[in-house]
Amino acid sequence: MLSNLLPLGTRDEFGRRAATKQQLISVIQAHFKQRGLAPIATPLLENQAVFTPYQMGNYQYYRLLDPEGQTLVLRPDLTLPIARFLSATKVPLPQKFGYVGDIFRVSRRLSGSYNQITQAGIELIGYASLKAELECLTIANQLSSELIDDAVEIELGDAQFAQQVVASLTPDQAQQTAIKQALFNKKVPQYDALIAAYQDEPLFDFLKNWPRLFGQPTAIFKQLAAAPLPVSVQPAIERLKAVVTWMAQTMPNQAVSIDLSSQAPQKYYTGLTFRGYSQAGAGYLFSGGRYDQLLANFQAKSEPAVGMGLDVDLLTELALTQAPATPRQLIYFEPRQWSQAEKLLAKSTQGQLSLAPDLQAARAEAAALGAQLIDLTEGDENE
Amino acid sequence: MSETRLKIALTKGRVEQQVLPLLEQAGVDCDLIRHKERRLIFEAPTQPYEFILAKGPDVTTFLERGAADIGIVGSDILVEHRSTQYELLDLGVGKCQFILASTADFDPAAPKRKIIGTKYPLITKRYFDRLGQDVEIIKIEGSVELAPLTGLADAIVDITETGTTLRENQLQIYDYLQPVSTRLVVNRLALKQHQSAIYELVDRLAAVVQTDAEKEIMQ
């Protein structure tokens, strides 16, 4: 086997992509700092037990054994390690954290997916009020406009809505799970067969349209008002209305939609959920929500929490397609012109000093880099 | 996006032949596909659709990666390739059935670890898991019927439409697994990005499928 081959699903990052990604990360980190989020970094390696509540879906872990035979994994998620950290250290709450790090998820072989993904995120832990969700949405709104040109739509949902509706239909938990899974995966033929058992129920018309219960808030609230939904879902609907009204007042240019037919990003979510996407992207740019039971996986006492993760790699892809490549500049000069070259370098955003020994080598260097050559020796009377 | 051009990945071959009449009845211009020669990608000149012709497993890959908004593919392939995308419509064509089949001397209750030949190892494993049986699965790419006839496997899990090939090879059916049909599948994010355009097409196709089903019942 050749020694310079990359493992499947990984890549090197260099050149424009690496520069764009670093620029995005620095904007995100500056934003987090400006909002007073404490930086946090957890290890790449964790005990597999940390991720017991995490749904891997079609992904798998990268696993390895430590010298004692304990199974370790490369972290597939950044929220649970922070919960583990808080539980282990008893850091006083509330706390606001911001992070940027890599996660690892083994996707289907040869599918074209990368297994190492850079994620930025925030965790607001110990905050029970809706203001925590609103701060997350504010950050999502502000970062979207700072990072990409495309309009981003924020989609709101609720992690408990579907369970509360199916629980009002039947006490049979297997049936509840089957209906939810068919709904969440929009396996409509299977879903239609499952709900046929409830055609005499007052909720049947709502059930028929449920897989399409996403879109503009006004239309969704109208459908909800017309349906004989259980009382248990009313707090979630009222919360969604409050958030939509607040967003219309606070960020009037932000496109907002509601989706009450999809699954929360992870099973540890307990309340309001939100995701963002643009028309050009091939995936969600960010997702998050409330997960008040997160710490309960590690300790007896649970803590309220809201968090959000941003897909830095997807943001990078979008930024690369939107911004035209700026040609680099290569500054060629004699050693005695160093100060002059430094001044020019300080003014340039895409400049670098040529370290070539002569002009001919500098021209070759510029050609290799695809850069514009700025020759400070041109017309120099001392040349 | 000012223009919504839906990218539709259509499984080439039999699925393509069965689905084109449905698309045409639903008002989709398929003229370019009908006269495709060796081309694999087609942009409808007057309609907001772009068609990609691909093999079934590749349709699922196009969908997963967001390279296609809509896929038209058999449910056998969706299950076997663990599709995570939205399955909005059963098109009611390409109907067949997964079966367990073997030669006349096969004993499904024999106390041994059976060897099963199949193109569908995941579906086979799930089936025998449900029965609580541990089996050895051999992945076979084509002419699965050969496996029990040559002694390579004790039985096969495969799909059959009429059972003719099985009968011609002196194989008999021992059990029926799930039915198979052609499905319309949509990329999760594409449904959000192009909600009205996708549902408009889905609803037109659903009406055609329902009319065809009603005609079938009347006959």
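Predicted model: local features only at pLDDT ≥ 70, side-chain atom pairs only at ≥ 80, totals over all residues.
Strand 7 of chain A, residues 152–158, is a handy place to look next. With under 20% relative accessible area counting as buried, 7 of its 7 residues are buried, so the rest of the structure largely encloses this strand. That goes for both faces: A:Val152, A:Ile154, A:Leu156 and A:Asp158 are buried on one side, and A:Glu153, A:Glu155 and A:Gly157 are buried on the other. Strand 7 of chain A also has partners to pair with. Strand 9 of chain A (residues 255–259) runs parallel to strand 7 of chain A instead, with 4 bridges between them, and here A:Glu155 has A:Ser257 as its bridge partner.

Over in chain B, there is an open sheet of 6 strands, with mixed pairing and the order 2-3-1-4-11-5. Strand 2 (41–43) and strand 5 (86–90) of chain B are the edge strands, each pairing on one side only. On average, and ignoring direction, neighbouring strands of this sheet are turned by 25° against each other. Within the sheet, strand 1 (residues 6–11) and strand 4 (residues 70–74) of chain B run parallel and are joined by 3 bridges, with B:Ile8 finding its bridge partner in B:Ile70.

Two helices can be described against that sheet. Helix 1 of chain B packs on it, touching strand 1, strand 3 (49–54), strand 4 and strand 11 (182–186) of chain B, and its direction makes about 135° with that of strand 1 of chain B. Helix 3 of chain B (residues 56–64) packs on the sheet too, touching strand 1, strand 3, strand 4 and strand 11 of chain B; its direction makes about 150° with that of strand 4 of chain B.

Helix 1 of chain B (residues 14–25) also meets helix 9 of chain B (residues 195–218): their axes come within 8 Å and cross at roughly 115°. That angle makes the two helices of chain B roughly perpendicular. The crossing is right-handed, and the contact involves B:Leu22, B:Leu23 and B:Gln25 from helix 1 of chain B and B:Leu205, B:Val208 and B:Asp212 from helix 9 of chain B.

Key. Residues numbered from 1 in each chain as written. Chains lettered and ligands numbered in written order. Heavy atoms only, no water. Buried < 20%, exposed > 50% of the residue type's maximum accessible area, 1.4 Å probe, protein only. Pairing = 2+ DSSP bridges. Axes fitted to C-alpha atoms, helices over the stretch in contact; angles between N-to-C directions. Parallel < 35°, antiparallel > 145°, perpendicular 65-115°, else oblique. Left-handed = near helix turned anticlockwise from the far one by under 90°. Contact = heavy atoms within 4.5 Å.
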